[in-house]
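Open the model in your viewer and keep the selection tool at hand. Each stop below says what to pick and what is there.

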Amino acid sequence: IADRFGFLDASGFSRAFRKEFGYSPREARSAALSGAPLVPASPRVYRAPRSRESPLGDILRGLHA
């Protein structure tokens with residue numbers, strides 16, 4: 001996914017993912033495999049994504065569906 005959307009390395013993708021969703025890709029994968037719900041970081045850290053400003057968020061949410 002990182003390569004497809006122009007990230008130079010996995011760490012850059014992980015930082016963008018965490019900034020967008022409030023948890024890491026690893027945490028998202030683990031939760032998806034276990035069926036556990038993910039709770040975003042506290043409101044001080046997490047900013048809800050805005051569709052028109054966040055195409056990465058739209059793409060990643062689409063993969064989850």
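Start with Phe 5, in the segment before H1. The model is predicted. Phe 5 is partly exposed, at 32% relative accessible area.

Next, select residues 10–21, helix H1, and residues 25–34, helix H2. Their axes are 9 Å apart and meet at an angle of about 70 degrees. Angles of 65 to 115 degrees count as roughly perpendicular, and H1 and H2 are therefore roughly perpendicular to each other. Show the side chains where they touch. H1 brings Phe 13, Ser 14, Phe 17 and Arg 18 to the contact. H2 brings Pro 25, Glu 27 and Ala 28. By class, that contact has four nonpolar, one polar and two charged residues.

**Around H2**

Stay on H2. Which of its residues are buried? Pick Pro 25, Ala 28 and Ala 31. They cover an arc of only 130 degrees around the axis, so they lie on the same side of H2. The buried residues of H2 pack against H1. Now turn the helix over. On the face away from the buried side, select the exposed residues Arg 26, Leu 33 and Ser 34. Then step just past the end of H2 to Gly 35, where phi is positive, about 80 degrees.

**The loop**

Go back to the loop between H1 and H2 and select Ser 24. Is Ser 24 buried or exposed? Ser 24 is buried, with a relative accessible area of 13%. Neighbours within four places in sequence aside, Ser 24 is in contact with Phe 17 and Arg 18. Both of those residues also belong to the H1 side of the contact with H2.

**The aromatic cluster**

Finally, select Phe 7, Phe 13, Phe 17, Phe 21 and Tyr 23, and show the rings. Ring pairs link these residues into a cluster. The count of aromatic pairs, with ring centres within 6.5 Å, comes to five. Zoom in on Phe 17 and Phe 21. This pair is tilted, with 4.8 Å centre to centre and 45 degrees between the planes. Phe 17 and Phe 21 are four residues apart in helix H1, so about one helical turn separates them. Check their burial too. Phe 17 is buried at 9% relative accessibility, and Phe 21 is buried at 8%.

Terms used. Residues numbered from 1 in each chain as written. Heavy atoms only, no water. Axes fitted to C-alpha atoms, helices over the stretch in contact; angles between N-to-C directions. Helix = DSSP H or I, 4+ residues; strand = E, 2+ residues; numbered from the N terminus. Parallel < 35°, antiparallel > 145°, perpendicular 65-115°, else oblique. Contact = heavy atoms within 4.5 Å. Nonpolar A, V, L, I, M, F, W, Y, C, P; charged D, E, K, R; others polar. Buried < 20%, exposed > 50% of the residue type's maximum accessible area, 1.4 Å probe, protein only. Arc of directions from axis to C-beta. Phe/Tyr/Trp six-rings, centres within 6.5 Å; stacked < 30°, edge-to-face > 60°.
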